[in-house]
Amino acid sequence: MRVDVVTIFPEYLSPLDLSLVGKARAAGLLDLRVHDLRSWTTDRHRTVDDSPLGGGAGMVMRPDVWGLAVDDVLGLDAGADHAAGPGAGSGGVELVVPTPSGEVFTQRTAERLAGANHLVVACGRYEGIDARVAEHYRSRGVRVTELSIGDYVLNGGEVAALVVVEAVARLLPGVVGNPHSLVEESHGATGLLEYPVYTRPPQWRGHEVPEVLLSGHHARIERWRRDQALERTARRRPDLVRRLRPEELDRADRAVLGRLGWDVGPDGPEPAAPGADDTGS
Ligand code: 6GU
């Protein structure tokens, strides 16, 4: 996969030289290039922003500079239609624009982006990038995704770009050594948070490892982990419990959820009505 990140702070992306992503680059699994937006400026002051039309605080990034940069990294002639091909997510090209007003980035988004051939990440600063940039590339057949990494405000798109590149890169074939570690983790196919994990020593500062994990009884261990995952998810992320599919919940799952105040109906889990389990007297 090729990834181009365009930013006014290329040094901000230096963590991508390290760890798993750095190794994926060195191994040729990921062709990641970081560019300085100012190299596409044409004026003496290398200006990338201007004041917002219509008034208001802050500065807006100029569409002309962004247009030159994105055309260049996409290999487009100015104004030419982009061959949209099969669409990103299945081998196409995708323009990713981190912004707090985007759709929320999730593991599903990462999975879709991991299917693209070429990602361009356009990091805005200030009050964001002139809205015509996204509009222009969409009209040229490029898939454009404006995305937020959560409900809080950062100073620019660079940290979000780090998040997106790491989440996507680890899904590329060969990047994570043991692909099994992608299966049971939080936000994977089970729809549950991951169960708690332990290692040696079995006693540490008076805290014990749950006995079942030392029993060697694989079926019991699996059931205990499932119970723990359900319990954690119910306590920490009730929004995820509501999205569990009833056909994927067995009797033991339903018993655990029941203890935690959830009924599983035909449409999936819902909070048990208060007092629904008593006689009303
Ligand atoms: Cl993608 N950008 C900025 N500036 N703030 C954010 C964000 C992105 N996601 C959450 N907050």
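Reply: Helix 5, residues 158-169, has 12 residues and reaches 16 Å from its first C-alpha to its last. This is close to the 16 Å expected at 1.5 Å a residue, where the expected span is 1.5 Å times one less than the number of residues. Helices (H or I, at least four residues) and strands (E, at least two) are DSSP runs, numbered from the N terminus. The model is predicted: local features need pLDDT of at least 70, side-chain atom pairs count only at pLDDT 80 or more, and totals for chains, interfaces and linings use all residues. Residues are numbered from 1 along each chain as its sequence is written, and side-chain values use heavy atoms, with hydrogens and water left out.

Me: What makes helix 5 largely enclosed by the rest of the structure?

Reply: Nine of its 12 residues are buried, so helix 5 is largely enclosed. Buried means under 20% relative accessible area, exposed over 50%, and partly exposed in between (1.4 Å probe, protein chains only). The buried residues of helix 5 include E158, L162, V164 and V168.

Me: Why does D253 count as buried?

Reply: D253 has a relative accessibility of 1%, and therefore counts as buried. D253 is found in helix 8, residues 251-259.

Me: What makes the link between the side chains of D253 and R223 a polar contact?

Reply: The two side chains approach to 2.7 Å. A polar contact is a pair of N or O atoms within 3.5 Å; within protein, one must be able to donate a hydrogen and the other to accept it, and residues adjacent in sequence count only if both atoms are side-chain atoms. The pair of D253 and R223 is accordingly listed as a polar contact. With residues up to four places away in sequence left out, D253 touches R223, R226, L230 and E248, contact meaning heavy atoms within 4.5 Å.

Me: How do you know that the buried residues of helix 8 are on the same side?

Reply: The buried residues of helix 8 are D253, V256 and L257. They cover an arc of only 95° around the axis, which puts them on the same side of helix 8; the arc is that of the directions from the helix axis to the C-beta atoms. On the other side of helix 8, R251 and R259 are exposed. The buried residues pack against helix 6 (218-236), helix 7 (238-242), strand 10 (262-265) and strand 11 (268-271).

Me: Why is the aromatic pair of F9 and Y12 called tilted?

Reply: The structure holds one aromatic pair. The ring centres of F9 and Y12 are 6.4 Å apart and their planes stand at 55°, so the pair is tilted. Rings of Phe, Tyr and Trp (its six-membered ring) pair if their centres lie within 6.5 Å; planes under 30 degrees apart count as stacked, over 60 as edge-to-face and the rest as tilted.

Me: Why do F9 and Y12 count as partly exposed?

Reply: F9 is partly exposed because its relative accessibility is 35%; for Y12 the relative accessible area is 38%, which places Y12 in the partly exposed class.

Me: Why does E94 count as buried?

Reply: E94 has 0% relative accessibility and therefore counts as buried. E94 lies in strand 5, residues 93-104.
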